[in-house]
Amino acid sequence: MAALRVSRRAAGAALRRAASGGRPPPVPQRIEEKRRAALLGGGRARIDAQHKRGKLTARERILLLLDPDSFDEYDMFVEHRCSDFGMDSDKNKYPGDSVVTGRGRINGRLAYVFSQDFTVFGGSLSGAHAQKICKVMDQAAMVGAPVIGLNDSGGARIQEGVESLAGYADIFLRNVLCSGVVPQISLIMGPCAGGAVYSPALTDFTFMVKDTSYLFITGPDVVKSVTNEDVTQEQLGGAKTHTAVSGVAHRAFDNDIDALLNLREFFNYLPLSNRDPAPVCECHDPSDRLVPELDTVVPIESTKAYDMLDIIHSIADEREFFEIMPSYARNIVVGFARMNGRTVGIVGNQPKVASGCLDINSSVKGARFVRFCDAFNIPLITFVDVPGFLPGTAQEYGGIIRHGAKLLFAFAEATVPKITIITRKAYGGAYDVMSSKHLRGDANYAWPTAEVAVMGAKGAVQIIFRGKEADAEAEYVDKFANPFPAAMRGFVDDIIQPSSTRMRICHDLDVLASKTQSSPWKKHANIPL
């Protein structure tokens, strides 16, 4: 910390004095002076300004994210190469430029990190800046470790022109090449505008900080000039907009410290690369624990809602569940939990919102999560209570057929262990989509309250009997609105007591840990985007 208090101006003056006359200072002294200048970033005044905005500096963020004394920095001495517009003067040269890069450990596990420094040219991206990021991404892919980007940048460095744009493209390429190879996480901790937004969009997870982070292609001034809309930065690209409306971001946190601590927790759920199995940690929650409250969680009335999160928390180790996108497409729940210490991905329809119907947004949300889990060997547990796809012209015109097919595609192509529990309704095509036995489900169970049918009893009776429905609904319910037709055909493997759900899942995961499954050779599939 003492080094951070050394004035960058004094360090620069020492270098200039040495260059102007007399013998240059010894190399060790020059190295130390450069290090001090790099540690100070854009200078004390800009650091203070960053703190006044409620934000940490790039280096403070890295120190909080990584384990103590585990950070190994790369390219501290790199400087930008621009000589136009006075950029080649000493006052515009900052060792390390506007990003801090390197590797470290999170709870003892390797991670590669870059943290953009807003105190140096507003964190703008130069050719040297991009080169530093590309280096850590290349090495992360080579050794098999996640990449975490802490974004706080004003965008491209205008003085560098096309070289800055080329730098973005170099990063985008690596985002694509690393996709499905190592987990990529973006934490937006300041502005991120223009072409810069596409790097977070290409990563697996994007998190934001409330009130201080923004994501948008064009800012409010450009929007006003083109569309005549008056909109603030927060309304256009703030955390609330992207976590609840657009679905661009997966979660938002209260401040920098809260975000970084949550990121440390989230990191524990992920494997280091696609070559590693799902992480397993020590578990003190018995795998054979019964959950009696599940026997009464589903209401007797089929039209009455309940909270799918109650089921998820009840069966997860220590009742812990890290939900992804909790504020977006709330009619489906996705996130990470542990079962007997093993990381699992959980997908569940949410009867409390739109009766758990699948729609455009929930299909896309679920599909992306399922594909991430499949890419990184994380078993999938699916809880089904779905009355069908949401009807209406808005959904049809918006392309529910194409978007709904994404979730179907994701479950069908997944080769990780897949366990499905039908808690109540499984109607129509939505039954097929939600990791049914027909989509290579490994273990499919139904609770006694399950109903597997083409549609609900009332609608079915109206079609079948066409006005002659007297007592017909009771007959239909007795025949189809129960789990027996599916069980008799082997479409569910067993009808289980809800209280035994955790025990059955844990036992199945132990058996399926050695599962291998392959698909026909292809260059890549053509998912209906």
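## Close-up views of a predicted model

View 1. Start with the loop between strand S1 (72-74) and strand S2 (99-106), where you will find Asp97. This is a predicted model. The phi angle of Asp97 is near 55°, a positive value in a residue other than glycine. Most residues other than glycine have a negative phi. Is Asp97 buried or exposed? With a relative accessible area of 4%, Asp97 is buried, because buried means under 20%.

**View 2. Arg440 also has a positive phi, in another loop setting.** Look between helix H16 (428-433) and strand S15 (443-446): the loop there holds Arg440. Although Arg440 is not a glycine, its phi is positive, at about 70°. Its relative accessibility is 26%, so Arg440 counts as partly exposed.

**View 3. Helices H5 and H6 pack against each other.** Two packed helices are described by the angle between their axes and the distance between the axes. Here the partners are H5 (residues 127-143) and H6 (residues 162-178), whose axes come within 8 Å and cross at roughly 15°. Angles under 35 degrees count as roughly parallel, and H5 and H6 are therefore roughly parallel to each other. Their crossing is left-handed. On the H5 side, the contact is made by Gly127, Ala130, Ile133, Cys134, Met137, Asp138 and Ala141. The H6 side brings Glu163, Gly167, Asp170, Ile171, Arg174, Asn175 and Cys178.

**View 4. Ser164 is a buried residue of helix H6.** Stay with H6 and find Ser164. At 0% relative accessibility, this serine counts as buried. Which backbone oxygen does the side chain of Ser164 reach? It is that of Leu125, at 2.7 Å. Leaving aside residues up to four places away in sequence, Ser164 touches Leu125, Ala156 and Arg157.

View 5. Helix H11 covers residues 256-267, and at 1.5 Å a residue its twelve residues should span 16 Å. The C-alpha atoms at its ends are 16 Å apart, which agrees. Which residues of H11 are buried? They are Asp256, Ala259, Leu260, Asn262, Leu263, Arg264, Phe266 and Phe267.

**View 6. Helix H4 packs against H11.** The axes of H4 (residues 58-65) and H11 lie 9 Å apart, at an angle of about 35°. H4 passes H11 in a right-handed crossing. From H4, the residues Arg61, Leu64 and Leu65 take part in the contact. They meet Asp256, Ile257, Leu260, Leu261, Leu263 and Arg264 in H11.

**View 7. Gln462 belongs to helix H17.** This helix runs over residues 457-465 and includes Gln462. The relative accessible area of Gln462 is 47%, so this residue is partly exposed. Asp478 is 16 residues away from Gln462 along the chain, and their C-alpha atoms are separated by 16 Å.

**View 8. The protein chain as a setting for the close-ups.** Zoom out now, and you can count 20 helices and 17 strands. Along the principal axes, the C-alpha atoms fill a box of roughly 105 × 55 × 45 Å. Of the 529 residues in the chain, 52% are buried. Among contacts between residues at least 6 apart in sequence, 73% join residues at least 24 apart.

Conventions
Residues are numbered from 1 along each chain as its sequence is written. This is a predicted model: local features need pLDDT of at least 70, side-chain atom pairs count only at pLDDT 80 or more; totals for chains, interfaces and linings use all residues. Side-chain values use heavy atoms; hydrogens and water are left out. Helices (H or I, at least four residues) and strands (E, at least two) are DSSP runs, numbered from the N terminus. The expected span of a helix is 1.5 Å times one less than its number of residues. Buried means under 20% relative accessible area, exposed over 50%, partly exposed in between (1.4 Å probe, protein chains only). Axes are lines fitted to C-alpha atoms, for helices over the stretch in contact, and angles run from 0 to 180 degrees between N-to-C directions. Angles under 35 degrees count as roughly parallel, over 145 as roughly antiparallel, 65 to 115 as roughly perpendicular and the rest as oblique. A crossing is left-handed if the near helix is turned anticlockwise from the far one by less than a right angle, and right-handed if clockwise. Contact means heavy atoms within 4.5 Å. A polar contact is a pair of N or O atoms within 3.5 Å; within protein, one must be able to donate a hydrogen and the other to accept it, and residues adjacent in sequence count only if both atoms are side-chain atoms.
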